[in-house]
Amino acid sequence: MPSDWTADEIRRIGYRVVDLIADHLTTLPDAPVFRPVPQELAQAFLSSPPPQEPVSPDQILDAFQQTIEPYPFGNGHPRFWGWVNSPPAVMGVFADALAAAMNPSCAGGNHAAIHLERQVAGWFRDMLGFPAGSMGLLVSGGSMATMTALAVARHVKSDIDVRLNGLRDAPAPFAFYMSTEGHSCARKAIELLGFGSASVRTIATDADYRMRIDALEAAVAADLDRGVRPIAVIATGGSTNTGAIDDLSAIGGVCRRYDVWMHVDAAYGGPAILSTQYAGELRAVAQADSVALDPHKWLFVPVEAGLVVVRDAEAMRSAFSLVPPYIRQSGSAGDVYGLPWFSEYGFQQTRGFRALKVWMTLQQFGLTGYREAIEENLALAGYLADRVRAAPDLELTAPPSLSVVCFRFIGDQGRSSGRSGSSAALQARDEETIAALNRALLEKLQLGGEAFLTSTELRGRFTLRACIVNYRSRREDVDRMLAAVREIEKGILTNP
Ligand SMILES: Cc1ncc(COP(=O)(O)O)c(C=O)c1O
């Protein structure tokens, strides 16, 4: 039977899997960061029918080796600095296999996985300075963490029984506040929670891309004057675009003054609380009602692993708890059903054993190891920013913060001659020309396989963006990326 294997069969295939993992992780640095899936292969994926008969494990692994493993997303490589994606910690990789071997549902119960999740959530709670009575829950990522937190905010701050009646009995409209730099997942969550994106007030940012506190306060006050009920401010503890950290303490003050829920999106930046450089700024996250922090970003836990912590555990339970009779026998022994189930604190019922990879990865690094890795990434971002500053043909497009560096190519005469310089291909040097040039450059860089950056828009301007959440990256990787950028520039300038 293909479904039940002897220990010897498991070992033989398992050892081959371990070899594949070892080869993949150790040969990645010498492979292209990224190569697109060839069209014929993409087509073959789409057109292949499901297998009618069992396929042998060796054949399955052969197919993995030939058609899947050669085309990774790119993270894992020392010169991948796209979006916010890190390489996986090896213990996290193994943990995923071990978790699948145990295959529990972490809805609840009195089994080890549940206690482990309580333990890791407690570790994060302490790291973030949240009180012992708060509740942490592992979720798929920052989006689900935000959705969960804002669902609790809705429950607590809407002043209506939203679980019974939804929003239709609301006596007044509601409002949410996030800066222009807030992550799109908050807007999605607000839409899914039934408020509509019209309830989002987009607050302007200052020169450092931090939410303007005066603008926030004015928006909240104006809403209250008009009879609108403010629900939550979504502050950012490390923006995706530039790494900007909002003034969390000042936002906390506004939220307390106007009785508004304070959520901090620290999905990316949260772990920098371990660094000497950012501990002070991020400490004020402890003032929040809820926070999102993604272990699958700067803590190198394999995807997916997000975390939400809510200060008021009872409010969280009251927002989600719905226990049908088949889940729990009334009066049943605590030894079987254990603590209140995680499924009472979030949307998911059957839940994976995410805690194991978080727990194992946290131990692989230890807080000291994380501090070192994060501080090294910060230093590397500083090095990249310095090299950009020193290059006449490049310019920083935002003040660097955390491990994000936004920059763009502005031509070979660059700043020294101003934007109106007279070099052949870049004479016009208007925004559109520069944007088009950087777009072309980025595509060639990504397809070239030497390094991988992504892009964003800052105040409507296209920019290249490197986000270094990568324990494998070194200075020579930054040098190689810049050298590749220069090569591509030369090609573009000579063959525009
Ligand atoms: C600051 C921030 N918040 C939220 C998210 C969404 O997280 P996820 O993609 O894990 O759902 C991201 C993703 O990059 C992010 O950078």
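User: How many residues surround the ligand, and which are the closest?

Analyst: In this predicted model, 13 residues surround the ligand, and the closest are G142, S143, T240, D265 and H296.

User: What classes of residue make up the shell around the ligand?

Analyst: The shell around the ligand is made up of seven polar residues, three nonpolar residues and three charged residues.

User: Ok, and what lies 2.6 Å from an N or O atom in the side chain of D265?

Analyst: That is a nitrogen atom of the ligand. On the oxygen side of the ligand, a polar side-chain atom of H296 lies 2.9 Å from an oxygen atom, and a polar side-chain atom of D294 lies 3.0 Å from an oxygen atom of the ligand.

User: How much of the ligand's accessible area does the protein cover?

Analyst: On its own the ligand has 390 Å² of accessible area, and the protein covers 83% of that.

User: Which pocket is the space taken by the ligand?

Analyst: The ligand takes the space of the second largest pocket, for which the computed volume is about 400 Å³. This second largest pocket is lined by 25 residues, and W83, V84, H183, T240 and K297 are the closest to its centre.

User: Which helix and which strand each supply at least two residues of that lining?

Analyst: For the second largest pocket, they are helix 6, spanning 142-157, and strand 11, spanning 454-458. Strand 11 provides the largest share of the lining, with three residues.

User: And what is the lining of the second largest pocket like by class?

Analyst: The lining of the second largest pocket has 15 polar residues, together with five nonpolar and five charged residues.

User: Switching topic, what volume does the largest pocket have?

Analyst: The largest pocket has a volume of about 570 Å³. Its lining consists of 23 residues, and those that lie nearest its centre are H24, L25, F64, P88 and V93.

User: Which element gives the most to the lining of the largest pocket?

Analyst: Helix 1 gives the most to the lining of the largest pocket, supplying five residues. The elements that each supply at least two residues of this lining are helix 1 (7-27), helix 3 (57-68), strand 1 (74-77) and helix 4 (90-102).

User: How many nonpolar, polar and charged residues are in the lining of the largest pocket?

Analyst: By class, 16 residues in the lining of the largest pocket are nonpolar, five are polar and two are charged, whereas the lining of the second largest pocket, by class, has five nonpolar, 15 polar and five charged residues.

Technical notes. Residues are numbered from 1 along each chain as its sequence is written. This is a predicted model: local features need pLDDT of at least 70, side-chain atom pairs count only at pLDDT 80 or more; totals for chains, interfaces and linings use all residues. Side-chain values use heavy atoms; hydrogens and water are left out. A residue is near a molecule or strand if one of its heavy atoms lies within 4 Å of it. A polar contact is a pair of N or O atoms within 3.5 Å; within protein, one must be able to donate a hydrogen and the other to accept it, and residues adjacent in sequence count only if both atoms are side-chain atoms. Accessible areas come from the Shrake-Rupley method with a 1.4 Å probe; for residues, only the protein chains shown count as cover. On a 1 Å grid over the protein atoms alone, a cavity is a set of points where a 1.4 Å probe fits but cannot get out, and a pocket is an open set with protein on both sides within 12 Å along at least five of seven lines; lining residues have an atom within 4 Å of a point. A molecule sits in a cavity or pocket if more than half of its atoms lie within 2 Å of its grid points. Ala, Val, Leu, Ile, Met, Phe, Trp, Tyr, Cys and Pro count as nonpolar, Asp, Glu, Lys and Arg as charged, and the others, Gly among them, as polar. Grid points are joined across faces, edges and corners, and a volume is the space filled by probe spheres set on the points. Helices (H or I, at least four residues) and strands (E, at least two) are DSSP runs, numbered from the N terminus.
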